[in-house]
Amino acid sequence: MVSTVLEIAVAIAVVAGTTVLWRVLNWVWLRPKKLEKHLTKQGFHGNSYRFLYGDTKEHMSTLMATRSNPIPISHDVPSRTTPFLCKLVRDYGKRTIFWAGPTPRLVIMNPEMVKEVLNKNFKYPKTTGSPIFKIFIQGLPSIDGSKWTTHRRLLNPAFHTEKLKGMLPAFDLCCHEMTVKWMEMIGEGRNSCELDAWPYLQTLTSDVISRTAFGSSYQEGKKVFELQVEQADYAFKAMQSVYLPGLRFLPTKRNQRMKEIDKEVRFLLRGIIDKKMKAMKAGEDSTDDLLEILLEANSKEVGEGSRNVGMSIEDVIQECKVFYFAGQETTSVLLVWTLVLLSMYPDWQDRARQEVNQIIGDDKLDIGHLNHLQTVTMILYEVLRLYPPVSVLVRQITEEITLSDISLVPGMQIVLPINQIHHDHDIWGADAKEFNPGRFSEGVSKATNNQAAAFLPFGGGPRICIGQNFAILEAKLALAMILKKFSFELSPSYKHAPVNKITIQPEYGSCPACLLTLFGGLFSVFRWNIACISFESGADNWLIQLEGGGWCDTVRDCVFRKTSRHGSSRFMAKELPFIGILSNKAEENPDFYNWNRVKLLYCDGASFTGDIIQTLKANEYEYTWGNVTVKLAESYGFCWGVERAIQIIYEAKKQFPEEKIWIINEIIHNPTVSKMKAMTAGEESTDDLLGILLEANSKDIWGADAKEFNPERFSEGVSKATNNQMAAIFPFGGGPRICIGQNFAILEAKLALAMILRKFSFELSPSYKHAPVNKITMQPEYGASLILHKV
Ligand code: HEM
């Protein structure tokens with residue numbers, strides 16, 4: 001009897017063991033090979049299946065190799081963020097397969113097919129994903145079927161335009177807080193500072209979610225956010241390796257910490273939800289936050305009695321987690337890439353700023369303004385195209401189905417590589433990898449040639465991002481606020497390194513630094529930088545000025561622009577010997593980047609000499625070579641390149657070894673609305689460039705015909721013309737530093753004009769275009785086409 005039981009037990013164990021073994025064998029080998037055959041027959045190619053890991057190891061090693069170096073500045077994002085996929089497409093064409101472990105993923109890049117997959121969301125459900133990832137998030141983005149339908153219906157009202165309008169003050173408040181911080185960083189008396197904008201943008205978008213999702217409980221919401229950030233990191237790491245069943249139950253450090261975080265997040269969210277429900281029951285004033293709108297919709301649904309298909313508290317907790325996961329990181333990366341790209345393309349930055357100033361001006365911002373920001377929208381779309389925060393969408397095949405000419409069977413998955421599609425030359429043309437917001441000037445359908453599924457930063461079909469209007473509104477508002485107050489450019493320390501960590505983000509931060517305080521939209525027209533290097537030596541005191549129209553990338557740029565384009569290098573070399581030496585040396589110097597930095601050293605910094613001197617005292621930076629002492633202000637971030645600068649200065653100044661050399665920076669930013677206001681209020685005039693221009697235009701000084709050409713006004717001399725306000729006209733500056741060459745210039749101009757008048761009469765040619773432009777000096781942008789007549 002005993003032996004019979006034993007035999008049966010052994011038989012059961014053998015059958016069970018064989019079944020498990022068979023299943024495992026089927027999972028890791030037989031099924032993948034069968035699917036491979038099925039796909040190869042249909043013209044899909046890729047690496048042949050490799051046991052258990054498929055392409056994952058190669059994918060990871062390619063990714064690591066590519067990631068080890070920042071890329072030169074280019075927008076070929078896929079080659080850095082999804083290099084292995086690029087390689088597959090290169091090697092096997094667009095009909096390729098990626099082996100995600102034992103699962104074949106078909107790469108679909110054809111917009112028509114993409115559209116079909118996204119539209120038929122029930123036939124192409126989401127992948128179930130690793131159970132470890134589920135600890136992190138389980139709400140709307142990862143559920144399917146009728147549960148998804150209910151949740152989507154209940155969440156939809158929270159994202160209606162009417163509700164979003166009500167959230168604008170929260171957006172506004174958070175953006176304001178961020179810009180105030182930036183202003184504080186720049187500090188009094190300075191015009192610029194270097195910062196990595198990304199952490200600030202992350203805080204901004206998490207504050208926005210905390211406020212808009214949880215209203216008064218936003219502090220608790222922020223704590224949830226911090227924990228979710230940590231959880232995301234673990235989840236991301238888990239996603240990168242092949243998931244083996246049961247792995248999540250092992251008491252590893254990661255598993256334990258993930259569970260702890262999960263417990264705490266639930267506890268916090270339950271507290272927030274309870275508080276909100278009590279407030280709603282007590283009939284307290286509505287706060288119109290996402291959670292309240294969701295709970296309201298849910299209570300109506302549950303209240304409909306028989307159907308009773310609303311969400312449980314557990315469901316609500318999961319959806320609250322989704323707000324952070326889906327809404328925070330995505331929008332912050334959109335903003336950070338926008339700042340990076342606008343730093344690379346200052347023309348677009350200027351255009352966007354002009355639009356913001358024109359449409360919003362000093363008005364209180366409302367949704368109407370944001371809807372009218374066309375250039376800003378074009379820019380955001382182009383950033384979303386080149387740097388889509390979500391780089392791929394994956395769907396699974398759960399039943400036999402045909403997609404165009406492809407027969408799909410369960411066990412396969414589909415990859416929609418947003419990133420690759422957005423950079424596809426066949427869709428976007430030859431300039432697919434260029435930043436050209438203009439392509440969206442007539443809307444998305446025109447830009448995509450009516451292939452709507454070619455542009456899918458927010459996905460598409462019924463599961464299109466529920467928060468897309470929220471995100472775009474938030475991004476527009478933040479960008480408008482930034483553009484109104486600052487201009488920005490990339491810091492020399494910026495490294496271009498897009499990396500895919502759930503979203504595509506800048507690996508080493510953004511550092512679109514050197515934020516310059518802006519005062520109104522005039523900045524772009526009138527900004528001037530003057531960097532001064534002065535050598536102090538007893539009675540002698542040279543002042544060297546580098547001038548640049550616009551905020552030049554580097555002073556090198558200014559020097560070369562001046563020397564090469566305007567042929568004034570001899571002039572500079574003669575008048576300003578040091579500049580001559582600088583520019584010549586720069587050309588010979590193989591280590592060009594050092595030179596850039598050296599030049600920046602002069603260009604960047606505090607606004608006033610006084611400040612620098614203070615800093616010098618505070619830091620006591622003093623370098624001595626032989627008899628030469630150089631003092632520098634390290635606290636302004638000048639430390640890099642400093643030694644090189646000193647060497648250059650030392651070499652240039654060898655003949656004056658006893659001198660003390662001081663480097664001072666002086667950046668004069670003229671355009672200030674406050675200045676205009678001061679002038680209108682009749683305050684004392686200042687001696688900067690904008691002052692010159694504005695004063696010259698001011699009707700108060702020159703009368704009603706201030707803008708007319710009327711030489712008569714000078715018939716009785718300058719003092720009469722200016723009503724004895726001599727400082728009202730100062731084309732040559734004024735005071736002790738008045739232009740040394742003014743008489744020279746007037747004499748030369750008189751002589752030239754006299755000669756011309758004697759020999760010619762002249763009139764404007766019909767091709768003349770009147771376009772005064774400020775390029776260091778005020779010039780006619782398209783030249784001066786005249787018709788000359790002999791007299
Ligand atoms: C620039 C910002 C954003 C981008 C690029 C983005 C992108 C996406 C994409 C591509 C999807 C589709 C995923 C798929 O089909 O598999 C999606 C879905 C989703 N997004 Fe966003 N998103 C952004 C902002 C937001 C915000 C601000 C929220 C909420 C506050 C949000 C909430 C969601 C939710 C809940 C889903 C799932 C929708 C569903 O499955 O029905 N997103 N998002």
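Predicted model: local features only at pLDDT ≥ 70, side-chain atom pairs only at ≥ 80, totals over all residues.
View 1. With 22 other C-beta atoms within 10 Å, Lys 276 counts as buried, because the cut-off for that is 20 or more. Skip the neighbours within four places in sequence, and Lys 276 still has contacts with Leu 291, Glu 292 and Leu 295. Ser 217 is 59 residues away from Lys 276 in sequence, yet the C-alpha to C-alpha distance is 8.7 Å.

**View 2. The largest nonpolar core****.** This one takes in 125 residues. Among those with the most contacts inside the core are Leu 294, Leu 477, Ala 478 and Ala 480.

**View 3. Val 383 and the residues it touches****.** Val 383 is another of the core residues with the most contacts inside it, as are Leu 334 and Val 336. Leaving out residues up to four places away in sequence, Val 383 touches Leu 334, Trp 337, Thr 338 and Leu 341.

**View 4. The shell around the ligand****.** The ligand has 22 residues around it, and the closest are Ala 326, Gly 327, Gly 459, Cys 465 and Gly 467. Helix 13 (313–327), helix 14 (329–344) and helix 21 each give two or more residues to this shell. Helix 13 gives the most, with four. By type, the shell splits into 15 nonpolar, five polar and two charged residues.

How values were computed: Residues numbered from 1 in each chain as written. Buried ≥ 20, exposed ≤ 12 C-beta atoms within 10 Å, placed from the backbone. Contact = placed C-beta atoms within 7 Å. Core = buried A, V, L, I, M, F, W, Y, C linked by C-beta atoms within 7 Å. Near = placed C-beta within 6 Å. Nonpolar A, V, L, I, M, F, W, Y, C, P; charged D, E, K, R; others polar.
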